[in-house]
Amino acid sequence: MPDLPPRQRVRESFERAAASYDDAAVLQRQVCEHLLAAFDPYPEPTSILDAGCGTGYGIRLLRGRWPAARITAVDFAPAMLSLARLDADLCLAADIEALPCQNATFTTWWSNLTVQWCDIDKVLREAHRVLRPEGQLALSTLGPETFGELRAAFTGIDGHRHTLTFSEPAAIEQALQRAGFSAIRLLRQTISLHYPDLRNLLRSIKDIGANSVGEGARSGLLGRQAWQRVQAAYEAHRTPAGLPARYDVILACARK
């Protein structure tokens, strides 16, 4: 399992980012829409748990497709949950690794770009537990090629860690199997966003709260010369659209 930042540090990061999140969460919206397009549950959901709901964009999409479903929003950052509260039927301030829900409560467990911050075995065991028999799961996460350009730009600059370690699709599938899921279907796609310069790219990551990388992270700022070297290295990846940030997106659907 990839090394993960401490849960409290992740919570604090997303708590601070709540005010800037919606303006910066371009990728999260795109992936959420892709996940919904890939998810074709039968029968239709009647009770949905949105695990790691953020500010509620996914809830609004789910509501648009299944207006009669009851949607429960779960997030461990209270500031995020306070924004999602406007769209959900019920909000729970909780960690998706330990849900305060009874067994076999939901027809559908949904999570958009959250499980990469978690112990995926714990999350999926909880998802399996709270789903009803034949209940259905849909999740999105990020694969190991995410931020490839960023890691390359920092190569040789220092020995610090600059991105999370993301799981291979096979590891996601195996975790689903260990949790007891079947009819597993994985899709993989690359989404690239573009920015005018490296500072704007890094600011966009911070503005969604996704800048905690765990042990080995740099505790101070880069020196001027080192920063110039990183910028120059990243410039080698520039396209007519700008500097790319590449996301290796994994979509997974399964049945209990």
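1. **Helices α5 and α7.** These two helices are oblique to each other. Angles under 35 degrees count as roughly parallel, over 145 as roughly antiparallel, 65 to 115 as roughly perpendicular, and the rest as oblique. α5 packs against α7 (residues 169-179) at about 45°, and their axes are 9 Å apart. Axes are lines fitted to C-alpha atoms, for helices over the stretch in contact; angles run from 0 to 180 degrees between N-to-C directions. α5 brings Ile120, Asp121, Leu124, Arg125 and His128 to the contact. α7 brings Ile172, Ala175, Leu176, Arg178 and Ala179. Contact means heavy atoms within 4.5 Å. By class, six of these residues are nonpolar, one is polar and three are charged. Here Ala, Val, Leu, Ile, Met, Phe, Trp, Tyr, Cys and Pro are nonpolar, Asp, Glu, Lys and Arg charged, and the others, Gly among them, polar.

2. **What you are looking at.** This is a predicted model: local features need pLDDT of at least 70, side-chain atom pairs count only at pLDDT 80 or more, and totals for chains, interfaces and linings use all residues. Residues are numbered from 1 along each chain as its sequence is written, and side-chain values use heavy atoms, without hydrogens or water.

3. **The sheet.** Seven strands form an open sheet with mixed pairing. Their order is β3-β2-β1-β4-β5-β7-β6. Helices (H or I, at least four residues) and strands (E, at least two) are DSSP runs, numbered from the N terminus. Neighbouring strands are turned by 15° against each other on average, direction ignored.

4. **Two parallel pairs.** Two strands pair if DSSP finds at least two bridges between them. β4 (residues 106-112) and β5 (residues 131-142) are parallel and share six bridges. Across this pair, asparagine 112 faces serine 140 of β5. β1 and β2 are also paired in the parallel sense, over five bridges. There, alanine 51 stands opposite valine 74 in β2. β2 (residues 70-75) is largely enclosed by the rest of the structure, because five of its six residues are buried. Buried means under 20% relative accessible area, exposed over 50%, and partly exposed in between (1.4 Å probe, protein chains only).

5. **Helices on the sheet.** α2 (residues 26-38) lies across β4, β5, β6 and β7 (243-255). It runs at about 150° to β6. α8 (residues 198-207) also packs on the sheet and touches β6 and β7. The direction of α8 makes about 30° with that of β7.

6. **α2 with α3.** The axes of α2 and α3 (residues 57-65) come within 10 Å and cross at roughly 30°. That makes the two helices roughly parallel. Their crossing is right-handed. On the α2 side, the contact uses Arg29, Cys32, Glu33 and Leu36. On the α3 side, it uses Tyr57, Gly58, Leu61, Leu62 and Arg65. Five of the contact residues are nonpolar, one is polar and three are charged.

7. **Leucine 193.** This residue belongs to β6. Which residues does leucine 193 contact, leaving aside neighbours within four places in sequence? They are Val26, Leu27, Gln30, Leu243, Pro244, Ala245 and Tyr247. Leucine 193 and proline 244 are 51 residues apart in sequence, but 5.6 Å apart in space, C-alpha to C-alpha.

8. **Glutamate 126.** Check this one in α5. Is glutamate 126 buried or exposed? It is buried, with a relative accessible area of 12%. Beyond its neighbours within four places in sequence, it contacts Ile96, Glu97, Ala98 and Leu99.

9. The peptide bond from tyrosine 42 to proline 43 is cis, with omega near -5°. Proline 43 sits in the loop between α2 and β1 (47-51). Leucine 113 is not a glycine, yet its phi is positive, about 50°. It lies in the loop between β4 and α5 (120-130) and is buried at 8% relative accessibility. Phenylalanine 147, also not a glycine, has a positive phi of about 60°. Its place is the loop between β5 and α6 (148-154). Phenylalanine 147 is buried too, with a relative accessible area of 10%.

Note on methods
A crossing is left-handed if the near helix is turned anticlockwise from the far one by less than a right angle, and right-handed if clockwise.
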